[in-house]
Amino acid sequence: MAKPTKLPPFGKLLIERQRFKNLPFLVFICVGAGAWEAAKARNQGGDTQALVMPTESPAGAYTWPVQGCLCVVEWHQPAPDQMIVELVKALLRAGAESVAVWPRWVDYSKPGIEYDASLPAGRRWIQTREMIRVYRPPRKEAARAA
């Protein structure tokens with residue numbers, strides 16, 4: 001399969017920063033409702049760069065210029081879970097240093113896990129809402145040791 005050559009929206013801005021060795025502190029990938037507006041607002045200034053993951057195309061259809069970058073997926077509904085999973089995989093394959101997934105619709109003032117005594121022992125702590133998760137590529141040393 002040929003490697004895609006199409007950049008995601010606002011990808012050229014990030015390529016230019018890389019060309020001048022001016023990597024942003026964070027790269028946001030905006031997904032879901034309001035993604036374009038969120039990316040435009042984030043690209044107005046500061047030391048971040050924002051890209052858009054269009055919901056009508058798979059993440060693998062794009063070349064993600066995130067080599068060595070810390071990425072944050074700004075996940076708005078109604079983008080489906082599977083799209084986010086594929087996006088994280090594509091970003092890690094593209095060389096992202098780490099990828100944090102930030103579900104923006106979540107009320108973080110409520111607990112993320114709760115204890116349920118009615119469940120069997122060992123399964124009593126249950127997740128009650130989406131959480132921010134951080135993914136990193138596998139360590140090369142660990143792969144050699146295995």
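Author: Let us begin with a definition: helices (H or I, at least four residues) and strands (E, at least two) are DSSP runs, numbered from the N terminus. This is a predicted model, in which local features need pLDDT of at least 70, side-chain atom pairs count only at pLDDT 80 or more, and totals for chains, interfaces and linings use all residues. Residues are numbered from 1 along each chain as its sequence is written, and side-chain values use heavy atoms, with hydrogens and water left out.

Reader: What is a salt bridge, and how many does the count come to?

Author: Side chains of opposite charge can pair when their charged atoms come close. The rule asks for a side-chain nitrogen of Lys or Arg within 4 Å of a carboxyl oxygen of Asp or Glu. By this rule the count comes to six. In one of them, Arg19 meets Glu16 at 3.0 Å, N to O. These two residues lie three apart in helix H1 (residues 11-19), so about one helical turn separates them.

Reader: Is Arg19 buried or exposed?

Author: Buried means under 20% relative accessible area, exposed over 50%, and partly exposed in between (1.4 Å probe, protein chains only). Arg19 counts as exposed because its relative accessibility is 55%, whereas Glu16, at 37%, is partly exposed.

Reader: Which parts of the chain does the pair of Glu74 and Arg42 link?

Author: The side chains of Glu74 and Arg42 form a salt bridge at 2.7 Å, N to O. This pair links distant parts of the chain, 32 residues apart: Glu74 is in strand E3 (residues 70-75) and Arg42 in helix H2 (residues 35-42). Glu74 is buried at 2%, while Arg42 is partly exposed at 24%. Together with Arg104, Arg42 and Glu74 are linked in a network of salt bridges.
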